[in-house]
Amino acid sequence: MEEGILLQWSVFRSLLAILQWWGFNVTVIIINKWIFQKLDFKFPLSVSCVHFICSSIGAYLVIKVLKLKPLIVVDPEDRWKRIFPMSFVFCINIVLGNVSLRYIPVSFMQTIKSFTPATTVVLQWLVWRKYFDWRIWASLVPIVGGILLTSITELSFNMFGFCAALFGCLATSTKTILAESLLHGYKFDSINTVYYMAPFATMILGVPALLLEGNGVMDWFQTHPSPGPALIIIFSSGVLAFCLNFSIFYVIHSTTAVTFNVAGNLKVAVAVLVSWLIFRNPISSMNAVGCAITLVGCTFYGYVRHIISQQPPGTPRTPRTPRTPRNLMELLPLVNNEKLDDKV
């Protein structure tokens, strides 16, 4: 009886964690798009800066004031040698995401971001000559095919927004790869990641945002009919962006890896549906098919990673390359965290 109650509570807790993660994630995406499209605040660097500032303050409150999370202590020298380079890539990743959201529909942007597993695997293969099981490569085929179909049939296609989203995938993959070497020895959760990286990101982006968008922001203040309520929405998006990182920490500790993977891909589908209901951007039938193929491919990719990671240690089949993998983990790409930290 007690086991049944515990099982029901576990399922309820996982479902609650997933729903609140979906809620924060979709809300942040929709509000950001609303800021660019409805409020006519077309300044992605400034929006990213607001997010970084809110996240810096939020992480400080959670760790230092409320003490809801223990601080992972980082040596001062490592902050500049390890954290700062990661923060630079982290900043580029967030900015490119907001830039793409400024120019292309949410549905198209979310589909392109699903390309990140492919770019992560290819970069590791090219840079590190890392061997991957053939099933990993096979799982990337529907992802690439689905994105190609979506791009060709996108009715609101914008080359600048498309390139920003695509380079955002590369930035996410680069950050994932750098994290293994630069953050070796530190086990960061999403809150500590924000605590250390968001202040650096604010410092990196502050001057470019001021120089490139400062005059435009001042003109917007003077011409917008109600800048006060609009500013509340803009800063609310920053607060919700931090809450999203906190919800990610909760969902990771409440679900299994497989559940997290499936929920992450379903979250993309929910975001696409909600954005279409609000903004009514045109979506052709073939475009919807391409998006569906991509999401199925991402789910299959996560399933393949899980299956390979569960295999008992042993000698894998020798690949037709100059060397064999040293262990089972070399058959796997680095864990891709694009679903964890892309909304700071």
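1. Asn-32 is buried, at 3% relative accessible area. That value is under the 20% cut-off, so the residue counts as buried. This is a predicted model.

2. Asn-32 belongs to helix 1, which covers residues 2–37. Leaving aside residues up to four places away in sequence, Asn-32 touches Val-47, His-51, Asn-98, Leu-101 and Ser-237.

3. Now the aromatic rings. The structure has 15 aromatic pairs. One of them joins Phe-157 and Phe-162, with 5.4 Å centre to centre and 40° between the planes. This pair is tilted. Phe-157 is partly exposed, at 34% relative accessibility. Phe-162 is buried, with a relative accessible area of 17%.

4. Trp-220 and Phe-221 also pair, with ring centres 5.4 Å apart. Why is the pair edge-to-face? The planes stand at 75°, and over 60 degrees counts as edge-to-face. Trp-220 is buried, with 5% relative accessible area. Phe-221 is partly exposed, at 32%.

5. Trp-220 and Phe-221 are also members of a cluster.

6. Two arginines lie over tryptophan rings. The charged end of Arg-129 sits over the ring of Trp-125, 5.1 Å from the ring centre. Arg-280 lies over the face of Trp-276, and here the distance to the ring centre is 4.4 Å.

Key. Residues numbered from 1 in each chain as written. Predicted model: local features only at pLDDT ≥ 70, side-chain atom pairs only at ≥ 80, totals over all residues. Heavy atoms only, no water. Helix = DSSP H or I, 4+ residues; strand = E, 2+ residues; numbered from the N terminus. Buried < 20%, exposed > 50% of the residue type's maximum accessible area, 1.4 Å probe, protein only. Contact = heavy atoms within 4.5 Å. Phe/Tyr/Trp six-rings, centres within 6.5 Å; stacked < 30°, edge-to-face > 60°. Lys NZ or Arg CZ within 6 Å of the ring centre and 35° of its normal.
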